[in-house]
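Welcome! Please have a look at the structure below, and then let us walk through it together, one part at a time.

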Amino acid sequence: MDKSSDIELRLLIEAIYLKYSYDFRDYSGASVKRRVAHALRQFDCATISALQERVLHDPAAFMQLLQFLTIPVSEMFRDPSHFLAIRQEVVPLLKTYPSIKIWIAGCSTGEEVYSMAILLREEGLLERTIIYATDINPASLEKAKQGIFSLENVRAYTANYQQAGGQRSFADYYTAAYDYAIFDKTLRENVTFADHSLATDSVFSETQLISCRNVLIYFNKKLQDRAFGLFHESLCHRGFLVLGSKETLDFSAYSKQFEPLVKQERIYRKS
Amino acid sequence: MSDAPDTPIQGIEAIVVGASAGGVEALLTIFGQLPNTFALPIIAVLHLPDERRSQLAEVFARRLNIPVKEARDKEAVEAGTLYFAGPGYHLSVEHDRSLSLSQEDRVHHSRPAIDYLFASAADVYGRRLLAILLTGANQDGASGLAHVKQSGGTTVVQDPQEARIAVMPLAALALHTPDHILSLGRIGSLLASLEPFPC
């Protein structure tokens, strides 16, 4: 029944898992298929089998392919109303904890991390917070650690920041140099960037809030449930889980283990 | 290619529809005749400005006899329901017949892209897919429609003479010869005449 290319795709994903331990086996199929097709053109490979041979024998080629398999689409204060809701509904409750641990799962190139850090600083919480920012893509993590973003994008983020209830001038948080904005490094003083896979790794800490936005849409239901399981295990009693604007617990086996706090903004609490 | 199907199209399990500029009116015309007993799923991409929340599902729900929803990630595709892709995310069909969202780059400046919906649905439904491409001012959908045809599905393009903006139908016709080139009225009748595929 399978077409040859579907067989080749499965073999490639399996080969990547066996050789490099990156597990894309339970990612949503349609998107993975498109991304591999895109990679084929960039690698100038005629078939997925040819691409498989290359990445199996050349770790550098695999790291290149990884950049296609992960989707670094992000922005600061993406969905401003989401961050406004965190500020208004979640922060007052977070303030009751003497110390706070936050996990940003699938942090990509760091936009969500700096957004959260800025929000926490303005609310006077950053100094007693530890943020774990994790991703499977080392190149993305490296970029996140740098905290350097294109000035052109930062202009768009400025509008987001203001709509998200930002209290200062967004330019207070970065220094412009040529076409780049270099973000204040004290924002990441309490941030630990780490390689972590929601597909293969386990829980590493108890947390009060987990933000995992626009990551779960790339997983199938089984892998989503694995991720929700990790979040449930990591979160403290009544801890907060925040998802992307189109992500939901509704179709998950964990729908009963969380309750919506601000449903429209995908902010949940552990039941 | 023929002006109209001689016999009703048989064995269809799902319908995908793409439209851009002029699409709201066109979609209301083709779906307007569907009875509340209509038993096939319809998944549609209509290009809209990139706003976070779209009123599309609400607008169509008020005007049509079938349930209308904005597609949600991991939602199972249900018969007799019209799903719209929401703004800012691509919409695909997965092999377990659920819907998935993604934020890959835009295609022909569009996210959601008709090409992605059509190609993913073609992979899942094969010859049991009916794909319809309507009015629009860009080329999205043309290669997706060709993909549907290659996978054995049935393809319909709105008659460019009649389309509010002919760019999209003409781009599709330049790439492959569809099974039917029809007016909106004929597409509406064709849809209303479809028998559900026995599962």
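**A guided walk through two chains**

Let us begin with chain B and its contacts, where two residues are in contact if their C-beta atoms, placed from the backbone, lie within 7 Å. Among contacts in chain B between residues at least 6 apart in sequence, 72% join residues at least 24 apart. Before going on, please keep in mind that this is a predicted model, in which local features need pLDDT of at least 70 and side-chain atom pairs count only at pLDDT 80 or more, while totals for chains, interfaces and linings use all residues. Residues are numbered from 1 along each chain as its sequence is written, and chains are lettered from A and ligands numbered from 1 in the order in which they are written.

Chain B is built from 6 helices and 9 strands; these are DSSP runs, numbered from the N terminus, with helices (H or I) of at least four residues and strands (E) of at least two. Its C-alpha atoms fill a box of roughly 40 × 35 × 30 Å along the principal axes. Of the 199 residues in chain B, 50% count as buried. A residue is buried if 20 or more other C-beta atoms lie within 10 Å of its own, exposed if 12 or fewer, and partly exposed in between, with C-beta atoms placed from the backbone.

Now find helix H1 of chain B, residues 23–31, and helix H6 of chain B, residues 184–193: their axes come within 7 Å and cross at roughly 40 degrees. These axes are lines fitted to C-alpha atoms, for helices over the stretch in contact, and angles run from 0 to 180 degrees between N-to-C directions. H1(B) and H6(B) are therefore oblique to each other; angles under 35 degrees count as roughly parallel, over 145 as roughly antiparallel, 65 to 115 as roughly perpendicular and the rest as oblique. On the H1(B) side, Ala26(B), Thr29(B) and Ile30(B) make the contact, and they meet Leu184(B), Ile187(B), Gly188(B) and Leu191(B) of H6(B). By class, this contact of H1(B) with H6(B) has 5 nonpolar, 2 polar and no charged residues. In this scheme Ala, Val, Leu, Ile, Met, Phe, Trp, Tyr, Cys and Pro count as nonpolar, Asp, Glu, Lys and Arg as charged, and the others, Gly among them, as polar.

Which residues of H1(B) are buried? They are Gly23(B), Ala26(B), Leu27(B), Ile30(B) and Phe31(B). These residues cover an arc of only 115 degrees around the axis, which puts them on the same side of H1(B). What covers the buried residues of H1(B) includes H6 of chain B, together with strands S1 (14–19), S2 (42–46), S4 (82–84) and S8 (154–158) of that chain.

Another stop in chain B is the cis peptide bond that joins Arg111(B) and Pro112(B), with omega of about 10 degrees. Pro112(B) lies in the loop between strand S6 (99–102) and helix H3 (114–125) of chain B.

Next comes the meeting of the chains: 18 residues of chain A are in contact with 18 residues of chain B. On the side of chain A that touches chain B, helix H2 (29–43) and helix H9 (221–234) of chain A are the elements that give two or more residues. The largest share of that side, 4 residues, comes from H2(A).

Chain A itself has 9 helices and 10 strands. Its radius of gyration is 19 Å, close to the 18 Å that the globule rule gives for 271 residues, so chain A is as compact as a globular protein of that length. Buried residues make up 44% of the 271 residues in chain A.

Lys101(A) lies in strand S1 (residues 100–105) of chain A. Is Lys101(A) buried or exposed? With 20 other C-beta atoms within 10 Å, Lys101(A) is buried. Lys101(A) and Ile130(A) are 29 residues apart in sequence, and their C-alpha atoms are 4.8 Å apart in space.

Finally, Asp44(A) has a positive phi of about 60 degrees although it is not a glycine. Asp44(A) lies in the loop between H2 and helix H3 (48–57) of chain A, and it counts as exposed, with 8 C-beta neighbours inside 10 Å.

Technical notes:
The arc is that of the directions from the helix axis to the C-beta atoms. The radius of gyration is taken over C-alpha atoms; the globule rule is 2.2 Å times the number of residues to the power 0.38.
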